[in-house]
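This report is meant for a reader who is meeting the structure for the first time. Please keep the sequence and the model at hand while reading the sections that follow.

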Amino acid sequence: MRLACKNLIHDRVRFILAVAGIAFSTFLMLFQGSLLAGFLRSASRVIDSTDADLWVMARGVPSFDFAAPLPMDYRGLAAGTPGLRAMFRVISAQVLWQRPDGSRKTVSFIGTDPGISGEYPVHEVLPPHTAYIDASDLDALGIARVPASTEINGRRAEVARAVEGFGTFLGSPYIFARYDDAERCVQNIGDRYTFLLLKLAPEQNVRRAQLVLRQRIPEADVWTRDQFASRARTYWLLQTGAGGALLTAGLLGFLVGVLIISQTTYATTMENLEEFATLKALGASRFFVARLVWTQAAVAAVVGAAVGIAVAYPALELARGFIPWIYTPPVFPPALAVTSLLMATIASITAARAALTVEPGKVFRA
Amino acid sequence: MHNPTLAARNVSVTFRSGSQTGNAVRDVSVRFEPGQVVLLMGPSGSGKTSLLSVLGCLRTPDAGSVELMGSDLAGCPESGLVELRRRHVGYVFQGFRLFRALTALENVQVALDIGSMPGEARERASEALRAVGLENKQGLKPAQMSGGEQQRVAIARALVKNPAIILADEPTAALDSAAGSQVADLLTTAARQRGAIALIATHDPRLLPAADRVLRMVDGEIAEDSRRTSV
């Protein structure tokens, strides 16, 4: 351990470069990972925020953001679902929002029956013509402060509250409102809502209820909340260019990290190959030599990861100003530290092979 | 320390260079006595270093056998060679082979750390440096020392384990006359005081007066084995 640390300090320029490389790759992985995590979280944010057990929707709807009106009112058919506690209609549609300066912006207008609980922002019965928006969308919607008056699809509305955590990458901010306001606003005809949410009794088997409902409404899709959330994330990740680009960037960040750590560890080992030969000549065991190589790699990886994470957090905070949906799960930093250590271990296996196979008799050559 | 034993019987070492092979050492048989300072002389390419490598457990012979402290190296696994090197052999190299990042004291101490040698490693390393006259240079790194001083650190490192066998490869080649003499004295004195076998491969005729025995190698064979009575 002492020799490993002394070697690192002695070659401090190389060590600093190694730490910088690993810090950069950790930063890259954390930033790209946060973009990807935020993207996936945002892709199913509205779905996840409800405590509904089952979602009924038009056939083939891939995500909440690409909703289509259900062909008919299914509330009567759904009423017999085993263990049903409550039903909520949801309308989701693109409408026009008018800013105070007269310019217009497309928004996703979401109207729901009252009573949806969980993290969904509208629990209570809203007064008529009232809307909630996400705090990160204030500027985009031209709102200086809340409350404020506005116009949605030509109808007056009062923005009563700014909520947190519902920023979207789509560019059309979510507007939360009463069901009947949304119905009027989108000029809904014949109660053609886009989702029907079912809340079941806690003891009810959700999968069984799903099967029953599917048999009763074969022309619609019935998903559990988690299934629909997963379906939405998969759709955005794999079937859209945006998700593919983020996934590719995330994977590239990881690969760059692996390569930098591997290259650094290998180069350091190769540079000290004669010292490893000397150690072997002096009677160092294979374990001693391998541990030395690993320790050098691990110290660089841990320091580099710590620096990378320390730099990434302010950068992420800064980025949150213009990418509100970016999200860093708490597990990311420790996972990245472990990943860096793991990458250093994998890299040191290759490097240690060189150190372990060096011929100790090499020391007899000047 | 047990009476050191080191012997080679019909040892051959083959070298490979590209598609060509040849014998670096040919059918060499030799036995060494405790407390003996033996010079291994001969022109470059005569097989001195190869013989030294085999006798020092750094490689196994391609034919014949080597007996070191009662162990036959033929068929000895790598772990066995490592153990023999660690316990019984001290090395001094032409290029010193000190660890650049470590101080003189740490360079000596590392030989004990490797072997998990019991006792006070730091004190023993310090004592070894004192024995080679470097008590005031313990905190210096190799780059801060002269060639002679570096070689003395290497000797301290070789002797700190109190080895039965000391192998030195051209220990004075990179040193000036005064430093070379000092290194030669240290090696031979240490070997005699400890009753160890000192085998020194060298071109340096200045070492001749200190030798008990001189082996001259030519083309991988011992061409001459002369024992000297006066030291």
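## Two backbone details in chain A

Pro147(A) is found in the loop that runs between strand S4 (130-134) and strand S5 (148-152) of chain A. The model is a predicted one, and in it the peptide bond leading from Val146(A) to Pro147(A) is cis, with an omega near 5°.

The phi of Asn153(A) is near 50°, which is a positive value in a residue other than glycine.

## The four-stranded sheet of chain B

Chain B holds an open sheet of four strands, arranged in the order S2-S1-S4-S5 with antiparallel pairing. The edges of this sheet are taken by S2 and strand S5 (71-72) of chain B, and because each has a single partner strand, one side of each is left without a neighbour in the sheet.

Strand S1 (residues 6-17) and strand S2 (residues 20-32) of chain B are paired in the antiparallel sense over nine bridges. S1(B) and S2(B) form a hairpin with two residues between them, and in its turn Gly18(B) has a positive phi of about 65°. Within this pairing, Ala7(B) stands opposite Arg31(B) of S2(B), while the bridge partner of Ala8(B) in S2(B) is Val30(B).

S1(B) is also joined to strand S4 (residues 63-68) of chain B, by five bridges between strands that run antiparallel. Ala8(B) takes part here as well, standing opposite Val66(B) in S4(B). As a general point, the side chains of a regular strand alternate between the two faces of the sheet.

## The six-stranded sheet of chain B

Another open sheet of chain B has six strands, in the order S6-S7-S8-S3-S9-S10, and its pairing is mixed. Strand S6 (89-92) and strand S10 (221-227) of chain B are at the edges, and since each has a single partner strand, one side of each is left without a neighbour in the sheet. On average, and with direction ignored, neighbouring strands of this sheet are turned by 15° against each other.

One pairing in this sheet links strand S3 (residues 37-41) of chain B to strand S8 (residues 197-201) of chain B, which run parallel and are joined by four bridges. In this pairing Leu39(B) stands opposite Ile200(B) in S8(B). Helix H5 (residues 147-159) of chain B packs on the sheet, where it touches S6 and strand S7 (165-169) of chain B, and the direction of H5(B) makes about 175° with that of S6(B).

## Where chain B meets chain A

How many residues of each chain take part in the contact between chain B and chain A? On the side of chain B there are 26 residues, and they are in contact with 26 residues of chain A. The area buried between the two chains is about 2600 Å², and carbon and sulfur atoms give 58% of that area.

Between chain B and chain A the count is five salt bridges. In one salt bridge the side chains of Glu106(B) and Lys6(A) meet, at 2.8 Å from N to O. The elements that give two or more residues to the side of chain B that touches chain A are helix H1 (48-55), helix H2 (78-88) and helix H3 (104-114) of chain B. H3(B) gives the most to this side, with five residues. By type, the residues of this side of chain B divide into eleven nonpolar, four polar and eleven charged.

Notes: Residues are numbered from 1 along each chain as its sequence is written. Chains are lettered from A and ligands numbered from 1 in the order in which they are written. This is a predicted model: local features need pLDDT of at least 70, side-chain atom pairs count only at pLDDT 80 or more; totals for chains, interfaces and linings use all residues. Side-chain values use heavy atoms; hydrogens and water are left out. Two strands pair if DSSP finds at least two bridges between them. Axes are lines fitted to C-alpha atoms, for helices over the stretch in contact, and angles run from 0 to 180 degrees between N-to-C directions. Contact means heavy atoms within 4.5 Å. Buried area is the accessible area (1.4 Å probe) that two parts lose on being put together, summed over both. A salt bridge is a side-chain nitrogen of Lys or Arg within 4 Å of a carboxyl oxygen of Asp or Glu. Ala, Val, Leu, Ile, Met, Phe, Trp, Tyr, Cys and Pro count as nonpolar, Asp, Glu, Lys and Arg as charged, and the others, Gly among them, as polar.
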